[in-house]
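I open the notebook on a new model.

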Amino acid sequence: MSDLSKARIEAFLEMMSAERGAAGNTLASYEHDLEDLWSFLAPRKISVVEAKSADLAAYLADLAKRGFMETSQARRLSAMRQFYKFLYAEGIRTDDPTSILDAPKKARPLPKTLSVADVERLLSLAQQESEAEGADKLSKLRMLALLELLYATGMRVSELVALPAKVLAQEGRFLVIRGKGAKERLVPLSRSAIAAVRAYGEELARTTKETKEKALWLFPAASKEGYLPRQVFARDLKGLAARAGLSAAAISPHVLRHAFASHLLANGADLRVVQELLGHSDISTTQIYTHVLDERLQQLVQTHHPLAKVAKNHD
């Protein structure tokens, strides 16, 4: 590091300590980040003190190439902003080269999902457990009905647990879901979901016959709302996952909703159709699943495009 650059950085760190009361860890972080900037600029014969916006933008691009996460890049940019603001305030520079630099956009995390095999494993175990006789038969049938409905429709867990009891009287392959903003949408049901709900309904009617109470909800419970709390379903689902040999930490009702959407798209469903089924008011919300579409399109091109076939034959 040149003597001038070192002196300016040391002066900056002293100011941050004396005037801003920066903690030792913060100061060490600033020092490390600015030294890394110098290591990038020095071989290019560019002074840290005199660097232009383009030089700093090139440094940020280099960080991305080196595999730094967006959060780490943003931290480096923050350190540079503080340093060049200090140089401007001290009259060492007449401009702030970081003023036109944009913070790296944080990538939207991909939703957690499950493979088709994992979902089948869950459903298979839930089916087996529901067929066993015992005092908890109703709860086992309820779990199967909940799972089948969730994977067949992709509805939100809040929508699922609050389904009305009149669902049991419905005939046909469709279900009306009341979603956010009291908006209603029509979703198709699978045959297995219909069968699971019917079996659960029959057991529910048998066990509540003596009380003669007419349930308002499909999944009644002794809760404030009168229906199964979503936290109870989430807990029971994790228990089922553990018994199925899956990671309980990686499974939740929301993950099954993601699995529903991902599996539909992977098998050729249109993004707009999935948007309607999920109850998203904006297509941009559904676009978190475009990575699934990208993978499917790549496979389609590699499988069906004539040039891809030619390339394979040459390999």
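**Strands.** I take two strands as paired if DSSP finds at least two bridges between them. The model is predicted, which I note here at the start. I looked up strand 1 (residues 174-178) and strand 2 (residues 184-188): five bridges join them, and they run antiparallel. For V176 I find L186 as the bridge partner in strand 2. The two strands form a hairpin with five residues between them. In the turn, G181 has a positive phi of about 65°.

Next I checked which way the side chains of strand 1 point. They alternate. L175 and I177 point to one face and are buried.

**Aromatic pairs.** I searched the whole structure and got seven aromatic pairs. I looked at F12 and F86 in detail. Their ring centres are 5.8 Å apart and their planes stand at 55°, so I log the pair as tilted. This pair links distant parts of the chain: F12 is in helix 1 (residues 3-18) and F86 in helix 4 (residues 70-89), 74 residues apart. F12 has 0% relative accessibility, so F12 counts as buried. F86 has 9%, so F86 counts as buried too.

I then turned to Y200 and F219, another tilted pair. I read 5.2 Å from centre to centre and 35° between the planes. Y200 lies in helix 8 (residues 191-207), while F219 lies in the loop between helix 8 and helix 9 (230-243), so the pair ties together parts 19 residues apart in sequence. Both Y200 and F219 are buried.

I also traced a cluster: ring pairs link F12, Y30, F83, Y84 and F86.

**A charge over a ring.** I looked at F40 for a charged neighbour. R44 lies over the face of F40, at 3.8 Å from the ring centre.

Which side chain of opposite charge is nearest to D55? I find K52, 5.6 Å away. My cut-off for a salt bridge is 4 Å from nitrogen to carboxyl oxygen. D55 is buried and has no salt bridge. I place D55 in helix 3 (residues 53-65). Leaving aside neighbours within four places in sequence, D55 is in contact with F40, L41 and I46.

**Salt bridges.** My search of the whole structure gives 16 salt bridges. I looked up several of them.

- R243 and E129 meet at 2.8 Å, N to O. The pair links distant parts of the chain, with R243 in helix 9 and E129 in helix 5 (residues 116-131), 114 residues apart. R243 is partly exposed, with a relative accessible area of 46%. E129, at 18% relative accessibility, counts as buried.
- R93 and D95 meet at 3.1 Å, N to O. R93 is at 10% relative accessibility, so I count R93 as buried. D95 has a relative accessible area of 36%, so I log D95 as partly exposed.
- R156 and E159 meet at 2.6 Å, N to O. R156 is buried, with a relative accessible area of 13%. E159 is at 7% relative accessibility and counts as buried.

Salt bridges link D33, D36, D62, R66, R75 and R76.

Notes: Residues numbered from 1 in each chain as written. Predicted model: local features only at pLDDT ≥ 70, side-chain atom pairs only at ≥ 80, totals over all residues. Heavy atoms only, no water. Phe/Tyr/Trp six-rings, centres within 6.5 Å; stacked < 30°, edge-to-face > 60°. Helix = DSSP H or I, 4+ residues; strand = E, 2+ residues; numbered from the N terminus. Buried < 20%, exposed > 50% of the residue type's maximum accessible area, 1.4 Å probe, protein only. Lys NZ or Arg CZ within 6 Å of the ring centre and 35° of its normal. Lys, Arg positive; Asp, Glu negative; His and termini not counted. Contact = heavy atoms within 4.5 Å.
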